[in-house]
Structures are given as C-alpha cells and as structure tokens.
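Here are my notes on the model. They start with the fold of one chain and end with a contact between two chains.

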6 protein chains.
Amino acid sequence: MMTERYEKGLEKLKELTLPDGENVTGHMDIGKGFKDVAPDLEKYVVEFAFGDIYARPGIDNKQKVLTTISALVAQGTPQIGMHVKTGLVVGLMPDEIVGCIMHLIPYVGFPRALNALKVAQEVFEEEGVSISKE
Amino acid sequence: MMTERYEKGLEKLKELTLPDGENVTGHMDIGKGFKDVAPDLEKYVVEFAFGDIYARPGIDNKQKVLTTISALVAQGTPQIGMHVKTGLVVGLMPDEIVGCIMHLIPYVGFPRALNALKVAQEVFEEEGVSISKE
Amino acid sequence: MMTERYEKGLEKLKELTLPDGENVTGHMDIGKGFKDVAPDLEKYVVEFAFGDIYARPGIDNKQKVLTTISALVAQGTPQIGMHVKTGLVVGLMPDEIVGCIMHLIPYVGFPRALNALKVAQEVFEEEGVSISKE
Amino acid sequence: MMTERYEKGLEKLKELTLPDGENVTGHMDIGKGFKDVAPDLEKYVVEFAFGDIYARPGIDNKQKVLTTISALVAQGTPQIGMHVKTGLVVGLMPDEIVGCIMHLIPYVGFPRALNALKVAQEVFEEEGVSISKE
Amino acid sequence: MMTERYEKGLEKLKELTLPDGENVTGHMDIGKGFKDVAPDLEKYVVEFAFGDIYARPGIDNKQKVLTTISALVAQGTPQIGMHVKTGLVVGLMPDEIVGCIMHLIPYVGFPRALNALKVAQEVFEEEGVSISKE
Amino acid sequence: MMTERYEKGLEKLKELTLPDGENVTGHMDIGKGFKDVAPDLEKYVVEFAFGDIYARPGIDNKQKVLTTISALVAQGTPQIGMHVKTGLVVGLMPDEIVGCIMHLIPYVGFPRALNALKVAQEVFEEEGVSISKE
C-alpha cells in the first residue's frame, strides 16, 4: 500500500520527467537498481528525497536543480549528469546550467568545475541542445 | 590605474550592496584585509571573482547566490554567512535561502545542512527578517 | 497527528537517551532549535533519520554509532561530540570509541583523527569516563 | 630482516585473508604494486597500517572493517570494494555491510551512499553472497 | 585582441611546455575543449590561472607544481596526471614527485596517496623516467 | 626502550624546532596531549609520521612543509597554523608561504585559500615577520 508521502514523491518525480512520460533522468530507477541488496531504498528515495524534500515549497524546480548541481560540483560526486538532464527537463536553459558551473570556479576551483563542465557538455551533445549564440 | 575588469568588478559589487551603499556583505573588504601579506589579492577578487565570473551572463544574481551557498554547504566552509547576507541584498526571500539549504539534505547529509541552517538563522535574526507564515 | 514513522523515530530516540530519560545527546533538540526557520525539519529528523534509517535492522546501535562517528571523522564536520555521547549511552566503551578514531588514522590522516580524538577526550572528561588501564 | 612490527602486521594481514590463505582482498599487494616508485611503501603499509593500527586493541576486526568502510563512503574514495571483501572475510554479514552504508545516508547524503552500495552489490555478486530474506 | 594578462599567461604556459614547444601537459587545451559551451573559459584559464596566479612571484615553478599536486591529492580530484607531467617538464625529479605524495600519507591517509601514486607511476612509465637507485 | 625509528623521529623533530631547542611548533606535544585516551598515539606520531615519513629522502624540509600546507588548505583542516610556524623554523620565507597559498586559489577556490591566508597572517604577526617589500 502506497503511503501519502510515496504518492507525493511519485507526483514530484513526474515533474522531473519528459511530457511523454519518458524517464530520461533515471531518478525513478535509483531504488529499483538496488532491490536485491536494499529493498527499502526505493521507499526512502521516493518518500524522503522526493515526497518530503523535493516537494518542499520555498524554491522552484529550476532552482532546486541548480542547487543540487552546485552541491555535487563542490563534492566532486559523479551523479552530475543525471541532474543536468533533470535541469533540461524542468526547463533550465543550457546557458543557465553552464552559468551555474562557471560561477562556481572561484568557490571550488577549476578542477571540480571543469569536471562538471565536461559532463554537462556530454549531456548537451546527447540531448542535441546548445548554449545561445549572440 | 583601474583596469576595465576592475571597474566591471566594482560595478558588480555595487549590486551586492545595500541601496544606500552600505557594504553589509563585506565582499569589498576581502582583499583589503590582506593588504600586508598579499597586496595583489584585492585585484584578483575584484577583477576575476567579480569582474569576470560574477559579471558573467547566464544566471541572475539571485541564482548566483543560491548556487554559491549550495557549494559552500557541500564544502562545509565557514563563509556561508556572508553569502546569506548577499542573498538578502539581491532580493532572495528567507524562504528561498532556507529552501535551498533544506533541499540539500539528501545530497550532503543533515550535519552540513544543519550547520548552514544555523548560520542562516543567525543572519536572519541579525537582519530582522523571517520566513513567511501561511 | 503523529505518523507511524514519527512514533517509530521517537521510540528509537529513546534508545539513544539515558535510562532516566535525560536527553543528554541533544538529538531530540535538533529540529526544535530550527522551528522558526524550518518548522518541518523536526519531522524529517525524527521520521527519516530516526524512524526510517536509525530504526533499520542490519547493524545494532553500537555499530550505528561507530559508523556515524567514522563518517563524521572523515568529513571533518563538528557534530562528533553529540555522537560520542550517544555512543556512551548505547553502551560503547571509551576504548571502542578511541579504537574507532585511532583505526581511521591510515585512512583519513592524523589531522582529522586528532580533531576527533580531542572532542572524544572532552566528552569523556565531562562524562567522567576513561579508557581501561591494563 | 623483518622487524617485530612487520611480523605483527603480516600476522594481522593473515586474519584478513581466507582460511585457505587466498589473498582475496589484495591488501598484501598494495605495497608490492609500487616497488618501482616507492620501494619503502610496503614497509609502511605492513608495519604501520597493519602492525601498529590494525593490530590495536579496542575494537574487533568486524568493527574495524565497518569503521573503514564508513570513512571511505564519506570521503568518496574508490577503495571501498577491497574493504567490502575484507568484511566478508572477517565474518561480516552482507546485511551488516549494507546496514552500515544505508545508515550513513542521513550523514553523507544519497549520492555517496549509492556509489558505495553499487560497489558492495558488485562484490556480493562476485562472491556469491546475498542479504538475508525474511 | 590579446590583453596584457593573456600574453603573460601564454608566456607562463610556455614554461610548462617542452623545449621543442610540444604541449605535453595539455594545459593549453583546457579552454579550447569547452569552446562550444563556455567560449570565455579559455580567457579565464590563460589570464587568471596562468597570467595572474601562476605568474606570481614568491615560489618557483617546481614549488608551484608540488603545491598543486599536494592540493589535488588531498581533494582526490582526477587531474593529477596532467600536473605530474608538468612537474617533469619544469625539472622536478621523479623522486621529488614521489617524495611529495609519500609525504602526504600522514595528512590525507593511504587511500588518496595510493591513488595519486598510481597516476604518477603511469606517467613515469609513459615518459620513460624512473626514481633514482642508490 | 626507544626504537630506532623513534630516535629517528625525534631527530627529525629537532630539525623542526628553533636553534635554541624551543618547541614552537607544538609537534612534540601532539602525542603527549592524548596520553590519557590514546597512550600509544605519541609512538605513532614520532615513529611513523616523523621517523618514517618526514625523514624520507626525495624532498627537503622546506618542500615538505609547503606540501603539507597545500594539502591542509585543500582539506580545510584547522592545523595549518602549526605548519606555517614549522615553515618559518625550517627557513621558508613568508613570501613562499603566501606564494603557496595564493597559488592554490585556482585549484581549491577563494574560500579555503582565504581561510589559510588569515591563519598565516596571524602567525606572521605573532612571529614578527613579514613579506618582502619591493
């Protein structure tokens, strides 16, 4: 039986999905990939990460993705690509995603920013989008 | 003689300052505080951090502050307070600043988020602002 | 109205509390201290951190505290003291807490281990406990 | 000529090895792999990391492995697999290793915990072990 | 039109290049690789990282490379190889590069030091250099 | 009874001490401060950190201190002051210490570099030394 929070999490996850329902970002698969070792993980991801936190008011989805990417750039964790894709789904422009990563250079240094920029570049190419040309 | 980039940096720094010109955030004092050991530091802060990077298009000042706070929360560095103040100056609502920090719990864990929330709480009290009550 | 998870969290929190119910570790106050800026934080701490995760089977309370301390030593976050106290409450011996921190020297380096050892030393003194003498 | 500490380190290393003496965890090969660039490294690994620190009393081998894994999860360093294998050798149950990683979610965030869980999952598959089914 | 700082950066970059002008370290290609997503990045790398900072007096090129490698070892970022190559170009001996990484073991722990040593080992092999034999 | 490595460690520690034998850097007190909780710590600090690692050939004391400071700047750990003092004792010029910290800005970002610069500034003032004026 689905809890109210699980439903709320699923609803939020749909906002991070393409209009045709395609699960391009892979968020929905996180828990499923670990069913054999941590069958309860999916519940925490959907209920807590999406139903509780991602569904919080205060900042909108675009801000939430920029905020997430910024933290991952600072950590140097490898999940940045999934969140760059999520950003495109919720309507962030490539210029905003690049703007966020470039803005972090004075705070986290070039190496971590360049690693993130490389990942964003690959996602942009894969998705066929590009920054605006003036 | 001021370079063009230095002037651009100063101009950007003015946007991060109160309407009456009060330098509440302390950004302008960073370089000055180190004149005796690194007299060239001020130039890099104003020219590079503000004239080059902070003045980049792509994301607006509000997004830039949220992005900065997010990276510092993830790093656990102690400069968060200065950027929370900057956020209030550029028009971020306390709800947005709290929303950003709370959003990071699933990505950086409770300890780093709680440290940042404590700092934001202190700045809000100091500045006499509070989150919206529904 | 309390959810089932909130009750489960409170129950787990009681295990991390002295027999006379004294809340020495301060876990219960985390959310309360942020009521003005993030009124929903308490719910996440009690429901998710304690009701979901801390209440998970797999490892016992003693292992959970050692595991937590180890992660905080590696991160260099300042909440170690609260978890050293929690360790004493759930029955960890000072030798085990010191054993954990000393064991991490080859993995995280002396500086982070020494910072943690200092905190443990202060808690031990405050609580009037000491390592065993052979 | 072997020092006393080197012998103590070798003895401890044997405890982290399969009963048939098979060196599945690779600890013994660390130093050997760097003979050409740092011929003294092996000595430090065996003497200090194993002879001094791993041989310390206070916590047992199972606790030592959980403690190590926790620190590496928090750091995001890639050596986790070797220590998950070590855990199985010293008698940790897959449920305990998963329990440790899942327990860290509130402290280090989902991304670092998921990276570690993936590594544990691969080692479990490779070693033909699985978590208990209730 | 090249700014004075850009020229200063290029000049510094030449010092980090083989006598025959071969750009073995790849520093010059950093910005170029991101022309499509961040056309201004090259300017910041050449002007700020090399024209401003790398060209600063105080420490010489050898010290600068050791300093850089040390920070990257502590961070665990993957750009170490490029800086090990740079070290060889500016005249650091393999013994000095290994000496720097080994020296960091007590400060950052074995895992991060071993990751760096592996990278250095690969670069040494690739470049056909080795540590001195007494 | 002192081991050969312990003696080697003490000898190295003397090089990091003022000519009049004054233990300004506090290295010798590290282990002593923890005699009550970890009586064996002093042995590891003197034998391993100083007798094994600090006494290694490859790089000289000045390089070792710069290397150490760089790693601590990147980590953001608070022991930097002790190593800035050590640097002055082994003959590093204030310009070299500042040069090292400033050089790291593009690699670790301004916040961590500024924290370190502040510590160095305080040590310089305390020791009555200053950077060279051209």
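**Notes on the fold and one interface**

1. Elements first. From the N terminus on, chain A runs α-α-α-α-α-α-α-α. That comes to 8 helices and 0 strands. Keep in mind that this is a predicted model.

2. Overall dimensions. Taken along the principal axes, the C-alpha atoms of chain A fill a box of roughly 50 × 30 × 30 Å. The radius of gyration of chain A is 15 Å. A compact globule of 134 residues would have a value near 14 Å, so the two agree.

3. Burial. What share of the residues of chain A count as buried? The figure is 55% of the 134 residues. Here a residue is buried if 20 or more other C-beta atoms lie within 10 Å of its own.

4. Contacts along the sequence. Take the contacts in chain A with a separation of 6 or more. Residues 24 or more positions apart account for 66% of them.

5. The contact between chains C and D. Chain C gives 29 residues, and chain D gives 29 residues. Which elements of chain C give two or more residues to the side that touches chain D? They are helix 3 (41–54), helix 4 (61–75), helix 6 (94–103) and helix 7 (105–108) of chain C. Helix 4 of chain C gives the most to this side, with 11 residues.

6. Make-up of that side. On the side of chain C that touches chain D, 17 residues are nonpolar. Another 8 are polar, and 4 are charged.

Definitions and conventions:
Residues are numbered from 1 along each chain as its sequence is written. Chains are lettered from A and ligands numbered from 1 in the order in which they are written. This is a predicted model: local features need pLDDT of at least 70, side-chain atom pairs count only at pLDDT 80 or more; totals for chains, interfaces and linings use all residues. Helices (H or I, at least four residues) and strands (E, at least two) are DSSP runs, numbered from the N terminus. The radius of gyration is taken over C-alpha atoms; the globule rule is 2.2 Å times the number of residues to the power 0.38. A residue is buried if 20 or more other C-beta atoms lie within 10 Å of its own, exposed if 12 or fewer, and partly exposed in between; C-beta atoms are placed from the backbone. Two residues are in contact if their C-beta atoms, placed from the backbone, lie within 7 Å. Ala, Val, Leu, Ile, Met, Phe, Trp, Tyr, Cys and Pro count as nonpolar, Asp, Glu, Lys and Arg as charged, and the others, Gly among them, as polar.
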